[in-house]
Each structure stands twice: as structure tokens, then as C-alpha cells.
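This note sets out a series of numbered points on the structure shown below. Please keep the sequence and the model at hand while reading.

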Amino acid sequence: MAEPPLVELDDVSFAYSQGSAWARVRTPVLESFSLQIAPGEMIGLVGESGSGKSTVGKLCLGLMRPESGQVRFTGTPMRRQRPGTLSVVLQHPQTSLNPRLTVERSVAEPLALARADRTGRRERVLQILEQVGLDPSFAQRYPAQLSGGQRQRVSIARALVTEPRFVLFDEAVSALDVSVQAQIINLIRSLQDVHRFGAIFISHDLRATRYVADRIIVLQAGAIVDEGSAHRFYEPAKHEYTRKLQLASDI
Amino acid sequence: MAGEIFGRARVTIELAVLGGLFTVVPGVALGLLGGVSARRRGSATATRLVNVLFLSLPEILLGGLLVFVITTYVVPFTVGVWPSLVDDPAGNLAAAVPPALVLSTFGIGVVMATTRRAVGTVLDEPYVRATEIRGLPVLTTYRHHLWRNIAAPVLTVFGIYLAYLLGGAAIVENLFALNGLGSYLINAADQRDYPAVQGVVLAAAAAFVVINMLIDVLYGVIDPRVGRRGAA
Amino acid sequence: MTDSSTTGAPAAARPARSAPRSLRIPFRGDPLGWLGLLLLVLLVGVGILHPLLPLGDPLASVGPRVAGPSARFLLGTDELGRSLLPRVASAIGVTIVLSAIAVLVATVVGVAIGCCAAYASRRVDQLITRVTDVLFSFPTILIAVLVSVVLGPGRPAAIVAIVAVTLPTMIRVARAEALRIVELDFVTSAEVAGARLGWIVRRHLLPNMREAVIVQCTYSISLGMLVEGGISFLGLGVQAPDTSLGALVGAGRLYLTVAPSYLLIPGFVLGLAVLAFNLVGDSLRAQRREQ
Ligand SMILES: Nc1ncnc2c1ncn2[C@@H]1O[C@H](COP(=O)(O)OP(=O)(O)OP(=O)(O)O)[C@@H](O)[C@H]1O
Ligand SMILES: [Mg+2]
């Protein structure tokens, strides 16, 4: 029998609700939405702002519950996973790290949560820092002493230090300038080759996405409008909206 | 008891109204001045010092000092009497002004700080920075904008303060030997006269509710777009 | 797409700052902060160390009744002929310590409630906020009177009254800070990694709200001293033979025409103590805003 998908959204509907009890504003975002991510697969999620990309990502991490439908992790309904199984890299380098913690303590946090052996932690932290291209001298720095790109590298190190099975990269490179973006994308690609974690890579930028992802999903107003393996997106797409995205990100 | 409470309420309400006046006018004025001059380092420090002094002056010190001065020297103020406002307005003011001044010091500090902060917010807006207008002209050039930014927070602070004035006149009435609600409350507490304590607390709570309703109405007048609650 | 820079070249190293943005007690170039700190150290020092200083016995009747300052009794004497110098000194300690204890309680409770409110369901949060608002706008002296009527006058009543007065603001500050921090990305990362409420509070919320809470503490301590002064003045707080600055002012009030210094000196010292904490708080706040 085939291996179950790593993460699966099965016929999921979701809406945000805001406001007080008597003046509730409901914002429906997803309607009967389904998505499967295989172990070790990197999904690229592209679409315009507000199309629901982050919402899909948060549902996959179990940060929010769907209104209806089911989220499954390795075939069983999503619940609190063992610490270190899931992780996330978010957009803003300014707030992705606790300003009170050294790089070492930030990166070691998921290990501590996973109750990893105390003595091995330090070595593991230095090892993963090296993998993201930061030498050991960075371990004792505070976030205020790092550039945006370096902070994002630390976030990636923290996300991967426990060898998670699923990682969400939500606009992990959007706030960086173009040359740094390229470095970070290369880094994610090469780390994924080594660690084979499943992942969602969210971005506005189709060019970056088709470079890292195995499969790309195009989202518009909460619905999948186009989908296919990444190299398909190098050719001019048939779908009109996808072509617009291509035009926006290609020269 | 109800009769006594009403009779004494005259004193306390007049103190609160006068104290409120003495709070808002100088508080807003000092806050505007301080906020506008905050760009220069020296005057910013002076402003902060003045503001902190208002917040630090104990009522029992200022009140004691005033009572001492009034009872020792010949001054046009009185202690321990409360002529009716209608029959003897001058005598009434002579009795009411000093305790009202004492009541207002802390409030001046609070209103001043609130106003300063609001002025600071306006001055930090990019278009204000861009116009290169500095100093007092800012007050007239951006008066609508300033007014909108200052009115709501000052009103909030003032509402809280009015409730305090009504209930908190106890110290001042005690110092100036006035027969108001505050001194009545303290006497009742001293003698463990629970019904009397309850009576005053109920009266203060009622005043508190009424004031808050008035303030909610005023919010609507100041800014018709959003009620205070709607924004949250 | 080449990975040209980084591998953490030491060249990228910036001048290492020792700690992240945090309160530095030497208020850089702020004379008001220094003045406040000086006053604070002086008053706390006298208030705590007064038994060791050669000020005299605060409880012994050694001089004339109710006299103004003289060479022998620098601050004068009270109605029992006791020297006011040691009495004021010990009263400083009582006033500051009572207020500090109360604010400590208010801080612990307020931060706990604030953090919970930030994490609670919206309905619970609204309830907490509404109750805090009502408590906040309730007249200070009324609270104090109710407390002292229920508990009977004395130190505990003074402490409870100060807690009741300072708690609402502390809850507001802590809640606002917690709400701000909870939204930050590093908290989400920790949650995804499996952190629970206790971990997030300890690791992320408390260290990042520390400064705002400390600033609020200094303001609360000065407000607490004013409250203590007021209710002890009215005879609802500290009772004889115990004394505090407010109680001294209350006693001195009866002899205002004979010896005004009996009221004015402890009143002035109370003002100085309040000023000291307010100046320190204001300086810390100004420094925070600059960052
Ligand atoms: N906390 C929230 N409360 C209410 N509505 C929300 C909330 N978060 C998102 N939304 C709404 O849900 C919709 C989808 O939001 P989502 O964050 O998933 O978009 P996105 O594709 O990630 O956009 P972006 O590219 O700008 O990050 C948007 O219309 C947004 O306004
Ligand atoms: Mg998003």
C-alpha cells in the first residue's frame, strides 16, 4: 500500500471571524480546499496578496482548526505533534528572533522543547549554524547584531535543527534584497536535498518558487487555479492568471 | 441620611466642578506648550520636570501649606466656612478656590502628560515635519488636527479624574474643615457606621455611572465616526 | 544564483554590544534621571539604615511637646516630646516599603492576569478588560475607605488599598505588552516547535515586557506612596505607635498654628520620595521612547 501523504488538507473550509459577539464579521477564505504533500516534497504556493496562502500554511501546521473538513498528518487527524516535528520560517527578519536570546539559545530552543540531550545540544547548534553558512562566532551574538539575511539564516537553522518532517516557509525571503534572496533560496534548496523534509514554500515570486519547489500550486481567492510540476512553469502557461504571474516575475 | 448626603453633596460637587476646571485648563495649556517646545533639549527637560512635579506634589503637603498660610496671614481666602454660592458668591469662592487648587494638582500633571503625548504624535506626522513649521505657529496651523488628537485622550483621563474628584475630596475637605461628602465618609468609616459608608459609596457610584455616560456622549460629539467601543 | 557572501566572514562582525536593547541605569545624559536616582538612593538609604544612624530614639520622649526645629531637635518634636528626626527617618522607610510591597504584589498579579488575558479567548479577555476599566476609574479613596472599613485600619489595609489602586494599570500595561509580543514571529515559531503557555511566558513574554513593567512599577510606587500618605493622614492606614509619613502629616495637622514644621517637613519628605520615583520612571520611559 502506498505511503500516506505527510500533510493532507481534505475538503477543508475556513473563515476568519472578527469583531465582538454581536457584530461578527466573517471572512471566508477557503472553501472545500484539498491538498496533499508527500514526504520530502517541496510544494510552492504562489498567488496574489490575500489569496489565502498563509491560511493554508497555518492550517497545515495545526495553528488553526478548519471549520469543516479534516487536516491529517501522516494519515491521522492533526493534533499536537511531538515537539520538533513541525517548524516554520516566517517573513520578517526583525521579529523572527527573540531580541533577548543569543543566536545559540534561539537555535537551541526547539531542541530544548524536544527534550534533546543537553550535552549534545551545543554541538548540534554549531553544526546546523555551519550548514546555514554561519561560523561559530555568531553563536553568542544577539539579533540586533545581525543583518537581515543573517537573521533569516538563523531562523532557518532554528527551523531545521530538530530535523523536522514538515517545514513551512512563509515568504521566508520576501523581505530580503534580491542577491540575498538568491543565497537563501539556494540554501533552502541544498538543505532540502540533505534533510528531505516536506515543505510548503510560499512566495509572490514565481521565479524563486519554481527554482526551489517540486510542484507549484497557484492560488487565487482561496481556490487552486493552476497546478503542476515546477519545470512546467518555465514554459508559458496555459492558464491566464498563471501567465500574468509569469509576466510579473520574468523579464 | 439621604438628606444629609444631599446637603453635603453641594460642597463636594462644587469642589469637583471647580477642581475639574482648574485641572483641564492649565493641564491642556501646559501640555500644548510643553509638547510644542519638546524639540529643543533644554526646554524638553524643563517640561518633563514641571510635569513630574505636578504628579509628585502630595495633596496633604500643598493643602497643609495653604491652610497654614490662610490661617496665619491676612489673605482673601477662608478655611472652615462655606457660604452659599447664591447668597455670597465672593465668600463662597474664597472658601472654594484653595481646596479646589489642591484637588487639581495631580490631575494637571495627568492631563498635561496626555496632551504632551498627543501633541508629540501630531508633530511626528510626516506632513507636519515636512512643513518646517516649528514652535507656537504649529498650534494655529494644525489646530483642527491637534484638537482631534488631543480631545479623546484628555476626555478619557478627565472622566477618570472627575470620578476621583467626587470620591477623593475626602483629604481636602478634612484639611480645610469642610462638611462635604468626603469628610462624611471618613467620619462614617471611623465610627464603623456601615449604612453611612454604603450610602456615600452608592452616591459616588451613581455619579460615576452618570459621568461615564456623559463622557460616552461627548465622545460621539468629538468624533462622530467611531464610538469609543466601536473601535475596539 | 551564487552564494557569494557570508559563511560568516569575521569582517561582517559589528562592534559587539554587550547586551540587547535594555534599560541602562546610567541614564545617558539625562540630569533628571540622575537627580531622581540620587534622591531615591538617599531616601531609601535613610529609610532602611536609620537605626544605624546617630539620629536618636524615635520612641523616647526627650524634649518639649510640639516644638519647631532647634539646634537640639533638628526637625522639632511631636506631641509626646519625641524627636521628629528619627521619627521621620523611620517613617520614610515604612512609606516606601509598604508601597513597594504592594506594588510587588500588584506586579505579580497584574502580569499574570495580563499574560492570561492576551492568551485567553476573546470573551474572557473582554471581561478582564471591562472589569479592569471599572476598577481603574473607581475613586481611589473610596477603595481605600472600603478596604480599611473591611480589614480595620493598619498596614495590611494600606497595602491592600495600594494594590487595588495600582493593579488595574499594571494589568493594562502587561496585557498590552503581552498582546504585542504574542503577535511576533518568534512566538509563532516557538508554538509550532511545540512550546506551551508556560514556556512562552517564561522565555518570550516576560523578558520582552520587563522594561515596560519596570517603568510602570516606578510610577506605581510613587502613586502608592501618595495613596498611603492620604489614607494614613485620614487615620485609615498605619496606626500609632507605628508611623508613616502620611500618619505624621495627619498628626502634625493638629498643631499647624503652633509648629507648622510638624506637618510641612514630613509632607515635604513624602513629596521628595514621590518625586524621586517619578523622575526615575520618567527618565526610563524617555529613554525607551528614544530607542
Ligand atoms: N487574522 C485574520 N483575521 C481576519 N481576516 C484575516 C486574518 N488573516 C487573514 N485574513 C484574511 O484572509 C484572507 C487570506 O489571508 P492570507 O493571510 O492567507 O493571505 P496571503 O495569501 O498569505 O496574503 P499575503 O501574500 O499578503 O501574505 C485575506 O483576505 C485576509 O484579509
Ligand atoms: Mg501571507
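**Notes on the predicted model**

1. Of the 291 residues in chain C, 56% count as buried, where buried means under 20% relative accessible area, exposed over 50%, and partly exposed in between (1.4 Å probe, protein chains only). The model is predicted, so local features need pLDDT of at least 70 and side-chain atom pairs count only at pLDDT 80 or more, while totals for chains, interfaces and linings use all residues. Residues are numbered from 1 along each chain as its sequence is written, chains are lettered from A and ligands numbered from 1 in the order in which they are written, and side-chain values use heavy atoms, with hydrogens and water left out.

2. Chain C has 9 helices and 0 strands; helices (H or I, at least four residues) and strands (E, at least two) are DSSP runs, numbered from the N terminus. Read from the N terminus, the elements of chain C are α-α-α-α-α-α-α-α-α. Among the contacts in chain C with a separation of 6 or more, 71% join residues 24 or more positions apart; a contact means heavy atoms within 4.5 Å.

3. The peptide bond from A240(C) to P241(C) deserves a look: it is cis, with omega near 5°. P241(C) is placed in the loop between α7 (197-233) and α8 (245-252) of chain C.

4. In chain A, 4 strands form an open sheet in the order β2-β1-β4-β5, with antiparallel pairing. Two strands pair if DSSP finds at least two bridges between them. In general, strands of a sheet pair through backbone hydrogen bonds, either parallel or antiparallel. At the edges of the sheet are β2 (25-37) and β5 (76-77) of chain A, each of which pairs on one side only. Helix α1 (residues 53-61) of chain A packs on the sheet and touches β1 (7-18), β2 and β4 of chain A. The direction of α1(A) makes about 115° with that of β1(A); axes are lines fitted to C-alpha atoms, for helices over the stretch in contact, and angles run from 0 to 180 degrees between N-to-C directions.

5. Strand β4 (residues 68-73) of chain A pairs with β5(A) in the antiparallel sense over 2 bridges. Within β5(A), P77(A) is the residue opposite R72(A).

6. Which residues cover the two faces of β8(A)? On one side are G198(A), I200(A) and I202(A), on the other A199(A), F201(A) and S203(A), and all are buried. Because 6 of the 6 residues of β8(A) are buried, the strand is largely enclosed by the rest of the structure.

7. Strand β8(A) has parallel partners. Strand β3 (residues 42-47) of chain A is joined to β8(A) by 5 bridges, and the two run parallel; L45(A) has I202(A) as its bridge partner. Strand β7(A) also pairs with β8(A) in the parallel sense, over 5 bridges, and here L168(A) has I200(A) as its bridge partner.

8. Two residues of chain A have a positive phi without being glycine. Phi of E171(A) is near 50°, and this residue lies in the loop between β7 (166-170) and α5 (178-195) of chain A. E171(A) counts as buried because its relative accessibility is 8%. R196(A) has a positive phi of about 50° and lies in the loop between α5 and β8 (198-203) of chain A. R196(A) counts as partly exposed because its relative accessibility is 44%.

9. Is T102(A) buried or exposed? At 10% relative accessibility, T102(A) counts as buried. The residue sits in the loop between β6 and α2 of chain A. Leaving aside residues up to four places away in sequence, T102(A) touches A139(A), Q140(A), R141(A) and Y142(A).

10. On a 1 Å grid over the protein atoms alone, a cavity is a set of points where a 1.4 Å probe fits but cannot get out, and lining residues have an atom within 4 Å of a point.

11. The lining of the largest cavity includes E109(A), R158(A) and S189(C). At least two lining residues come from each of β6 (86-89), α2 (103-113) and α4 (148-160) of chain A and α6 (185-192) of chain C. The most is given by α2(A), with 3 residues.

Note on methods: 1 Å grid on protein atoms, 1.4 Å probe; cavity = no way out; pocket = protein on both sides within 12 Å on 5 of 7 lines; lining within 4 Å.
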